[in-house]
Amino acid sequence: MYKKIKLFLNVIFVMTIAFNLLSCEDGLLDTFNDRKVYKLRDKGPAGGLIFYINPNWEHDGWRYLETAQADLDPQKFSNISTFYAGTSTAIGSGRVNCDAIVNQLLHVSSSAQTCVEYSAGGYSDWFLPSKDELAKMYVNLKSGIDENGDAYTPVGNLNNDNYWSSSEFNASSAFVQHFGSGASTSEAKGN
């Protein structure tokens, strides 16, 4: 029996300029700029969990990916179910993917739009993660063995459900991450 695909709104927040507002009451400080340095699975500045640390942060302009604190209600990938918006699967492309989905002609509603309009933890620059960003979230928060090969106890409130990514597979389907099995497959955008 087909399970409803759950909107992944353990959305991601990319730390950028807002980082200057963080307090440093606990944790290590970056000696270069006196900002808090987060580790995988630390509670981030918006109250979610850090699940990815960008090794090229000085060049890319963002350092961490963080989940929101809770899922939102399940919904369709998009009201446009037969058009390819030209999204990417790469880490760092989630926000751009959301913009491409939301800016499509005839777009009315989508899981990407819900994420872009979301505001929590004092931040409003949330987005639906790309396929590869979502895979990092599974590996570093749910699987029990992180990207560094370190064992950990799964953290966060990630259910054993399917979560949408912002990456399209083709014009009529998009990638989902199965947080029970760890598999990534595609599902029809209208589901």
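Student: Does Cys-115 count as buried or exposed, and at what relative accessibility?

Tutor: Buried means under 20% relative accessible area, exposed over 50%, and partly exposed in between, with a 1.4 Å probe and protein chains only. Cys-115 has 0% relative accessibility, so Cys-115 counts as buried. Before we go on, note that this is a predicted model: local features need pLDDT of at least 70, side-chain atom pairs count only at pLDDT 80 or more, and totals for chains, interfaces and linings use all residues. Residues are numbered from 1 along each chain as its sequence is written, and side-chain values use heavy atoms, with hydrogens and water left out.

Student: How many disulfides are there?

Tutor: A disulfide is a covalent bond between the sulfur atoms of two cysteines. The rule here asks for a pair of cysteine sulfur atoms within 2.5 Å. By this rule the count is zero. Cys-98 is in no disulfide, and its nearest cysteine sulfur, that of Cys-115, is 5.9 Å away. Cys-98 also counts as buried, at 0% relative accessibility.

Student: What is a nonpolar core, and which residues have the most contacts inside the largest one?

Tutor: In soluble globular proteins, nonpolar side chains tend to be buried together. A nonpolar core is a set of buried Ala, Val, Leu, Ile, Met, Phe, Trp, Tyr and Cys residues joined through side-chain atoms within 4.5 Å. The largest one has 22 residues, and Met-137 and Phe-179 have the most contacts inside it. Among the elements that each supply at least two residues of this core are helix 2 (94-102), helix 4 (131-142) and strand 7 (162-168). Helix 4 gives the most, with four residues. Helices (H or I, at least four residues) and strands (E, at least two) are DSSP runs, numbered from the N terminus. Another core, of five residues, lies apart from the largest one and includes Tyr-118 and Trp-126.

Student: In what order do the strands of the open sheet lie?

Tutor: Two strands pair if DSSP finds at least two bridges between them. The open sheet has three strands in the order 7-8-9, with antiparallel pairing. Strand 7 and strand 9 (184-188) are the edge strands, each pairing on one side only. Strand 8 and strand 9 are joined by five bridges. In strand 9, Glu-187 is the bridge partner of Ala-174.

Student: How many aromatic pairs does a search of the whole structure find?

Tutor: A pair of aromatic rings is described by the distance of the centres and the angle of the planes. Rings of Phe, Tyr and Trp (its six-membered ring) pair if their centres lie within 6.5 Å; planes under 30 degrees apart count as stacked, over 60 as edge-to-face and the rest as tilted. The search finds seven pairs. For Tyr-163 and Phe-179, the centres are 4.8 Å apart and the planes are at 70°, so this pair is edge-to-face. Tyr-163 lies in strand 7 and Phe-179 in the loop between strand 8 and strand 9, so the pair ties together parts 16 residues apart in sequence. Both Tyr-163 and Phe-179 are buried. Together with Tyr-138, they form one aromatic cluster.

Student: Which ring does the charged end of Arg-63 sit over?

Tutor: A charge sits over a ring if NZ of Lys or CZ of Arg is within 6 Å of the ring centre and within 35 degrees of the ring normal. The charged end of Arg-63 sits over the ring of Trp-57, 3.9 Å from its centre. Lys-131 lies over the face of Phe-175, 5.3 Å from the ring centre.
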